[in-house]
Amino acid sequence: MTNKLMCINATQPTEPRVAIIENQKLLALETQENDMNRSCGNIYLGTITSIQPGIDAVFVDFGSQRHGFLPFKEIAPKYLTKDAPEGSTIGSQIQTGQTVLVQVTREEKSNKGAALTTFLSLAGAYLVVMPNNHKNNGISKKADAQERAKLKEVLAQLKIPDELSIIVRTEGINRGKDELGWDLECLIHHWNKVHAAAEGIKSPALIHQEADTLIRSVRDRLRKNIDSIVVDHEPTYEKLKIYLELTRPEFVEKLSLYQNKVPLFTHFGVQEQINALFLRKISLPSGGSIVIDYTEAMTVVDVNSSKSTNARNIEETALKTNLEAARETLSQLCLRDIGGIIAIDFIDMAAAESRQQVEGLIENYINSERAKIRYESISSLTGCMYLSRQRTGPSIIDQHYIDCRTCQGLGFHRSTLSIANSILHKAEDNSVSDKESTITVQASPNVSCYLLNEKRQHIQQIESMYKNSIVIIANEQYCDTKYTVKRATNTSSSPSYEQKELADSMTKLQQYSSQSQPLVPQNLYKEHPKQNGSAIQRFMNIILPSKETEPKVYNTPKKTIPQGAGVSPSREQHPPNKRPRRRNRSANQTRRTQQNNSTRPQTRSTQPTIPKEQAAKTADRLDD
């Protein structure tokens, strides 16, 4: 029996983590560092700074470190000049200095600006509202033909304004008119506030900010097949409980607070799987392995047979290893959130049937994947398969890694001999322009030691040829690839090129690190139209005292708590220091006690006893 859980680890406020787990297997993981400002989904009021007809796009200043990239096809018609002739260039249809309301669709990177669009979208619990699209209503692709027909009838009864269109999300399937209408009303009200805030405000300005990691993950990943939601942080538990009561009341009973001392992810056995996400080489069950390398243009996955030698022949070994590698690769792409172009170098398979099995496995996985994935058939010439995966957010590399200061992201660095020769060439160049001077060389201790020992004869030749002196200084703050060469006549104490670049980048980070608060807050939802609980529960809520006067107790349903997630029931009823004393009675004493109890008159209980048949009739009458 499968047991799918949503585990939320929020004990570390700098890195909340949301994981989907099924039978101790990690299916999805979403994490976000608070010191990294996420902008994907935010709505800004920006200004067009430059128009580039060569690439058919414009650049927009929306308050970030780099100007955003806005393609011409992503500009709504209302921002274009109406009287422009057909087939005119982008420069005649839009002007520099014009303000536009844009939304970030792709995060900003170190070497690329953010991707923007003017076709805005606001995601709700069941619907997605697109203000600048007209009559482009859609339904989730996971709905079948019968569900689509039913949803079209429901959408026809809703009052959808002419200037916007909606898309029914997966959780909106099989929802009634009241729930879809409630979500649509909340989203339209929020859009009106966004539109009103954008008028009369000086750009750049942050208008709407996307929800944080916890709320966004629950909104996008919570499905009906989730059996329970476990949270290990009490303030986060209260926050999610309020959100679920407003948006998804049917999941409130599945929410529970984890109170065990063992870490949450360690208890469910997925912490080691999370640690494996940062590895370059991943082992496969049969003994093979995959190696994941990242480049600027694409991600490359290499499949190796390694110790996989248990098959009967080489074709069976290749097929078995490739099938395991395909499953693990697709899982890693989802967990690491890798987007763009992915090249998988499978082991060569001679039989066409073997290649079709691997392609069929990938096709079945793509149908159940949340992100859009396209793939090509395995090449019979190279044995490689190329995939294109949609970017749904910043990957693990973008969040948790920085470029190496030694290799600058290359993965390799120059040898000590090569760096020493480069230093001597530069010292000789400086000696030609200014003879009889002192040249100071600062390098790492390893390079300095190599110069003074192995290259001493070469240094003496330069000194005798140009009548100057070369001073080697070992600087412990320098890495092996960093060095500076200066003449004594230059008295300026300017830092090296690497230090200047680092100082400039730190200044920019400090300038844009504190993001302003959005003009439109995130109080999006009001009370859900669907009442929570049955008629008996609503009746009991009326006659019983309010929750404010009662002590604060976390009601955790037994069937929603995983086995071993909390304290055992026996320890909750009887603390270790206050366990009831046990008495050993003989058979005669037990028989004598039963006889006395049978002759003793029974006392009335303080609570009346209701027969089962009468209670069932009362419940049916209340439900009616």
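Two strands are taken to pair if DSSP finds at least two bridges between them, and helices (H or I, at least four residues) and strands (E, at least two) are DSSP runs numbered from the N terminus. The model described here is predicted, so local features need pLDDT of at least 70 and side-chain atom pairs count only at pLDDT 80 or more, while totals for chains, interfaces and linings use all residues. Residues are numbered from 1 along each chain as its sequence is written, and side-chain values use heavy atoms, with hydrogens and water left out.

Strand 20 and strand 21 (residues 384-389) are antiparallel and share three bridges. Both belong to an open, mixed sheet of six strands, ordered 16-17-18-19-21-20. Strand 16 (281-283) and strand 20 (373-375) form the edges; each has a single partner strand, so one side of each lacks a neighbour in the sheet. From one strand to the next, the twist averages 20 degrees; here and below, angles run from 0 to 180 degrees between N-to-C directions, and axes are lines fitted to C-alpha atoms, for helices over the stretch in contact.

Two helices accompany this sheet. Helix 7 packs on the sheet and touches strand 16, strand 17 (289-294), strand 18 (298-304), strand 19 and strand 21, its direction making about 40 degrees with that of strand 17; contact means heavy atoms within 4.5 Å. Helix 8 (residues 352-368) lies across strand 20 and strand 21, at about 160 degrees to strand 20. Between helix 7 (314-336) and strand 19 (340-345), the loop contains Asp-337. Although not a glycine, Asp-337 has a positive phi of about 55 degrees. Asp-337 counts as buried, at 16% relative accessibility; buried means under 20% relative accessible area, exposed over 50% and partly exposed in between, using a 1.4 Å probe and protein chains only.

Another open sheet has three strands in the order 23-22-24, again with mixed pairing. Its edges are strand 23 (469-474) and strand 24 (483-487); each has a single partner strand, so one side of each is left without a neighbour in the sheet. The twist here averages 15 degrees from one strand to the next. Strand 22 (residues 438-443) runs antiparallel to strand 24, and five bridges join them. Ala-443 is placed opposite Tyr-483 in strand 24. Helix 11 (residues 445-454) packs on this sheet, touching strand 22 and strand 23, with its direction at about 145 degrees to that of strand 23.

Helix packing can be followed in helix 10 (residues 416-433) and helix 12 (residues 456-466), whose axes are 10 Å apart at an angle of about 5 degrees. Helix 10 is therefore roughly parallel to helix 12, a label given to angles under 35 degrees, with over 145 being roughly antiparallel, 65 to 115 roughly perpendicular and the rest oblique. In this contact, Leu-424, Glu-428, Ser-431 and Val-432 of helix 10 meet His-458, Ile-459, Ile-462 and Tyr-466 of helix 12.

Leaving aside neighbours within four places in sequence, Leu-116 contacts residues including Val-60, Phe-62, Phe-69, Leu-70 and Val-102.

A few individual residues complete the description. Tyr-243, in helix 4 (residues 234-247), is buried, with a relative accessible area of 13%. Not counting residues up to four places away in sequence, Tyr-243 touches Ile-215, Val-218, Arg-219 and Arg-248. The C-alpha atoms of Tyr-243 and Ile-215 are separated by 7.9 Å, with the two residues 28 residues apart along the chain. Ser-203 and Pro-204 are joined by a cis peptide bond, with omega about -5 degrees, and Pro-204 is placed in the loop between helix 2 and strand 13. Asn-23, in the loop between strand 2 (17-22) and strand 3 (25-31), is partly exposed, with a relative accessible area of 46%.
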